[in-house]
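Please read them alongside the sequence and the coordinates.

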Amino acid sequence: MPQLGPHISIPAEALLSRVLGLDPFEFKGWPEDVRKLSESIAAELFLVRYNPFIDPELVRKSVSRTLTLARPTLSGEYPQRLSRAVENFWLKQDADKEFKERFIEKMKEILPEHCIGLDPHTLVQSATDATDLRIELPIAVLFPETTDQIRAIVRLANEMQFGLIPRGGGTGATGGAIPALDRTAVLSLGRFKKNTQCRHPVDDPLCPGRGYHPGCHQGCREKRCAVHC
């Protein structure tokens, strides 16, 4: 199955551990044909996690067919190990799907539906920044409009144990706004309504935010005022 959609900024060797749970050091000792097969399967399976435009069932059938065709050419324990690794991937995928459904239900108690970004284009757009690194797809992009909503989101993150990545305009060049782990939501400040001036004068050199709190327009420098003021 050809790779579709945006590229993935993860080396093939790293995918083996990330997707199939294989030890990279042990993997180096495997026969070359088994290594190539494993890397191909890992890259295809990762599309399910990264590319929301892909139908998981199509990938499931494709990988199953690949393993079935390759099994007669594999020797020793490799067919069983690869099959078990693929099975574990789908078990985790099903568990993550169930987690996301619970996450969405809980989040609807905090945010209106138009503030919960779940469509594929929104997820892909928030999976990278100016670095163009692409590692993981967020489970959702959240657009809180009040400080109370932000507090509730953070409490839910602690309760459900999912990650939160704050995001402004997505123009950073350090990768700080990119989800690096699964079960991570992006917390976008794009619709944040709180736009009050701090107690420092705008021209006060001691005010890192130079007069504005996070959520303000472009005049807010690095959105750090809330920390220092």
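1. The axes of H3 and H4 come within 9 Å and cross at roughly 170°, where axes are lines fitted to C-alpha atoms, for helices over the stretch in contact, and angles run from 0 to 180 degrees between N-to-C directions. H3 and H4 are therefore roughly antiparallel to each other, on a scale in which angles under 35 degrees count as roughly parallel, over 145 as roughly antiparallel, 65 to 115 as roughly perpendicular and the rest as oblique. On the H3 side the contact (heavy atoms within 4.5 Å) involves Leu37, Ile41, Glu44, Leu45 and Val48, which meet Pro56, Val59, Ser62, Val63, Thr66, Leu67 and Ala70 in H4. The residues of this contact of H3 with H4 divide into nine nonpolar, two polar and one charged, with Ala, Val, Leu, Ile, Met, Phe, Trp, Tyr, Cys and Pro counted as nonpolar, Asp, Glu, Lys and Arg as charged, and the others, Gly among them, as polar.

2. On provenance, this is a predicted model, in which local features need pLDDT of at least 70 and side-chain atom pairs count only at pLDDT 80 or more, while totals for chains, interfaces and linings use all residues. Residues are numbered from 1 along each chain as its sequence is written, and side-chain values use heavy atoms, with hydrogens and water left out.

3. For the overall layout, the protein chain has eight helices and four strands, taken as DSSP runs numbered from the N terminus (helices H or I, at least four residues; strands E, at least two). Read along the sequence, these elements follow the pattern α-α-α-α-α-β-α-β-α-β-β-α. Of the 229 residues of the protein chain, 45% count as buried, where buried means under 20% relative accessible area, exposed over 50%, and partly exposed in between (1.4 Å probe, protein chains only). Among the contacts in the protein chain with a separation of 6 or more, 61% come from residues 24 or more positions apart.

4. H3 also packs against H5, at an angle of about 10° and with the axes 12 Å apart, and H3 and H5 are therefore roughly parallel to each other. This contact is made by Val34, Leu37, Ser38, Ile41, Leu45, Val48 and Arg49 of H3 together with Tyr78, Leu82, Val86, Phe89, Trp90 and Gln93 of H5. By class, the contact of H3 with H5 has ten nonpolar, two polar and one charged residues.

5. The packing of H1 with H3 has an angle of about 65°, with the axes 9 Å apart. From H1 the contact takes Ala12, Leu15, Leu16, Arg18, Val19 and Leu20, and from H3 it takes Ser38, Glu39, Ala42, Ala43, Leu45, Phe46 and Arg49. The residues of the contact of H1 with H3 divide into nine nonpolar, one polar and three charged. Leucine 15, placed in helix H1, counts as buried at 5% relative accessibility, and its C-alpha lies 7.7 Å from that of phenylalanine 46, 31 residues apart in sequence.

6. Which residues have the most contacts inside the largest nonpolar core? They are Leu20, Leu45, Phe103, Met107, Leu142 and Phe162, in a core of 55 residues, where a nonpolar core is a set of buried Ala, Val, Leu, Ile, Met, Phe, Trp, Tyr and Cys residues joined through side-chain atoms within 4.5 Å. Elements that each supply at least two residues of this core include helix H1 (12-20), helix H5 (78-107), strand E2 (140-142) and strand E4 (184-188), and H5 gives the most, with ten residues. Leucine 142 touches Phe103, Met107, Leu111, Cys115, Ile116, Ile153, Leu164, Ala185, Val186, Leu187 and Ser188, not counting residues up to four places away in sequence.

7. Two backbone positions deserve a check. Most residues other than glycine have a negative phi. Glutamine 161, in the loop between H7 and strand E3 (163-167), has a positive phi of about 65° although it is not a glycine, and glutamine 161 is exposed, with a relative accessible area of 61%. Arginine 183, in the loop between E3 and E4, likewise has a positive phi, of about 55°, and arginine 183 counts as partly exposed at 29% relative accessibility.
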